[in-house]
Every structure is written in C-alpha cells, then in structure tokens.
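Student: I have a chain to go through and would like to work from single residues up to the whole fold. Can we take it one question at a time?

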Amino acid sequence: MATERFLKLSQDKKDRILQAARHEFARVPFEDASINQIIREAGISRGSFYTYFEDKMDLLHYVFRDEGMKNEQYFREILLRKQGNYWEALHEWVFSIEKLIDDGTIQEDINIMTQSGMMQRVIAFSESGKMDHAEIAKTEWFRKQVDPGCFRHVDRPGQFSAIIRLGMAIAMMTLMALIGHAKEHHERILQNFEMEIAVLREGADPQFRTEEEPAGEGNAGA
C-alpha cells in the first residue's frame, strides 16, 4: 500500500495524484496504463512516484481502497440516518447507487472497474490479509451502531459479522450486475436483490437450528 511519505503529503497533492491515476486507469486497460502519463498529469517526478507506491498495482490498490472508504462512509451515513436499521440502510444504499449508475454520475468509477478487472483484483487483495484489521474495526463499528432488533441471536460469536458480510456481499453483487447490464434490466436485478435480502432476513430452512438452540425457537439464519 501507499508509503508513509505519501500519506504525509498535503491533501491537495494526494488528491492530484489519485485523480491522475483514476483518469489513466479509466482510460485504458490496467496492463496498458502508463506511470509516465500519471506522473505527468499529477506534476510529480518518476522518482517521487516510487517513494509513494511500489508500482502501478500498488497505486491501483490504493485507488480501490480510497473509493471503498468513500462508499463505506456513504453507507454509514445512511445507517445513522436510518437509526441503525441495517436492512433499510442496505436497501437505500443499493437503490441510490443504481440512480447514480443510470444518470452517469459514476461513469469514471465504472470505467476503472471494467478496465482493471476490479473484482478479481479486489478478491486477490482481500485474500492477502492486508484488510484484516480494517474488517475487524468495521465490524465493531457496526456492532455499536446497528439496532440489535434487526438480527436474531445478535450476541452469538461470529453470527453478527457473518450477517453483515452476507448482506454487503449481496449488495455488491447486485451493484456489479447493475453495472454490467443495460438500464432495462435494472428493475429485475433490483427485484432479485430484494428477494435475496428477504431470504437472508427470514432464513431458508425451517428445520435448521444450532446445537444450543432448542426446537421451536426458530432458526439461526438471520
């Protein structure tokens, strides 16, 4: 990831470098992206670039991270506005981003995703273990802010974070589908999203129960 030297730059200079990177990653496939083009637009030297990032893959990871943090902050703002109702917040988040996709507001973001093979690269980056601490901190924030009435058995080890991850995974796959399909298909995709979230909320197997849950108490799926 970015070096301490990059993180200590003024916000204006960091923004200038990231904007130049976004322009280049949106313009051409990742393999063809030019560090020379990035540093020329950002107004920095090649030597400086390598004191900030290991290579252009390192820079792409940071662009993903920066965008992910903005999206997460947007979701958190919605969650707080919904007074901790996770399900309402997830619904509003997906539907509001769908509108941004439709009106072209986030077209550059979409171009970066498609040109860079975002999903495969993000999965590889996630599996590297570099996001573990961030994920732990995120789960703890949600635990404090989400209305416990949204989940059954909210205090069971691992179940709370698993439901959060599954909900976000459904939302992210929905957004990828919205990006990958024409507008006329969006209504069907959003209907599928609502159905999948309903399955997560209600649980799928009426006969399933955990070892510590007596028969008749329901299931542990949501």
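Student: Which residues does Lys-56 touch, not counting residues up to four places away in sequence?
Tutor: Keep in mind that this is a predicted model. Lys-56 lies in helix α5, which covers residues 56-81. Leaving out residues up to four places away in sequence, the residues that Lys-56 touches are Phe-25, Phe-30, Glu-31, Asp-32, Ala-33, Ile-35 and Phe-49.

Student: Which side chain of opposite charge is nearest to Lys-56, and how far away is it?
Tutor: Lys-56 is buried yet has no salt bridge. A salt bridge needs the nitrogen and the carboxyl oxygen within 4 Å. The nearest side chain of opposite charge is that of Asp-32, at 6.8 Å.

Student: Which backbone oxygen does the side chain of Lys-56 reach?
Tutor: Lys-56 has no salt bridge, but its side chain does reach a backbone oxygen at 2.9 Å. That oxygen belongs to Ala-33.

Student: How many salt bridges are there by this rule?
Tutor: Side chains of opposite charge can pair when their charged atoms come close. One of the pairs here is Arg-22 with Glu-67, whose closest N and O atoms are 3.1 Å apart. By the 4 Å rule, the count of salt bridges is 10.

Student: How many residues apart in sequence are the parts tied together by Arg-22 and Glu-67?
Tutor: Arg-22 forms a salt bridge with Glu-67. Arg-22 is in helix α2 (residues 11-27) and Glu-67 is in helix α5, so the pair ties together parts whose separation in sequence is 45 residues.

Student: Is Arg-22 buried or exposed?
Tutor: Buried means under 20% relative accessible area. Arg-22 has a relative accessibility of 12%, so it counts as buried.

Student: What is the relative accessible area of Asp-109?
Tutor: The cut-off for buried is under 20%. Asp-109 is buried, and its relative accessible area is 13%.

Student: Where do Glu-92 and Arg-81 lie?
Tutor: Glu-92 forms a salt bridge with Arg-81, the closest N and O atoms being 2.2 Å apart. The pair ties together parts that are 11 residues apart in sequence, because Glu-92 lies in helix α6 (residues 86-103) and Arg-81 in helix α5.

Student: Which residues do salt bridges that share partners join into one network?
Tutor: Arg-22 forms salt bridges with Glu-67 and with Asp-109. The network joined through shared partners consists of Arg-22, Glu-67, Glu-108 and Asp-109.

Student: With which residues is Trp-141 in contact, leaving aside its neighbours within four places in sequence?
Tutor: Trp-141 is in helix α9 (residues 132-145) and is buried, with a relative accessible area of 18%. Its C-alpha atom is 9.4 Å from that of Arg-76, a residue 65 residues away in sequence. Leaving aside neighbours within four places, the contacts of Trp-141 are Arg-76, Leu-79 and Leu-80.

Student: How far apart are the end C-alpha atoms of helix α10?
Tutor: Helix α10 has 22 residues (159-180), and at 1.5 Å a residue these should span 32 Å. The value in the model agrees with that, the end C-alpha atoms being separated by 31 Å.

Student: What separates the C-alpha atoms of Lys-183 and Asp-102?
Tutor: Lys-183 lies in the loop between α10 and α11, and at 55% relative accessibility it counts as exposed. Lys-183 and Asp-102 are 81 residues apart along the chain, and their C-alpha atoms are separated by 6.8 Å.

Student: How many helices and strands does the protein chain have?
Tutor: Of the 222 residues of the protein chain, 39% count as buried. Read along the sequence, the pattern is α-α-α-α-α-α-α-α-α-α-α. The count is 11 helices and zero strands.

Technical notes. Residues are numbered from 1 along each chain as its sequence is written. This is a predicted model: local features need pLDDT of at least 70, side-chain atom pairs count only at pLDDT 80 or more; totals for chains, interfaces and linings use all residues. Side-chain values use heavy atoms; hydrogens and water are left out. Helices (H or I, at least four residues) and strands (E, at least two) are DSSP runs, numbered from the N terminus. Buried means under 20% relative accessible area, exposed over 50%, partly exposed in between (1.4 Å probe, protein chains only). Lys and Arg count as positive and Asp and Glu as negative; His and the chain ends are not counted. A polar contact is a pair of N or O atoms within 3.5 Å; within protein, one must be able to donate a hydrogen and the other to accept it, and residues adjacent in sequence count only if both atoms are side-chain atoms. Contact means heavy atoms within 4.5 Å. The expected span of a helix is 1.5 Å times one less than its number of residues.
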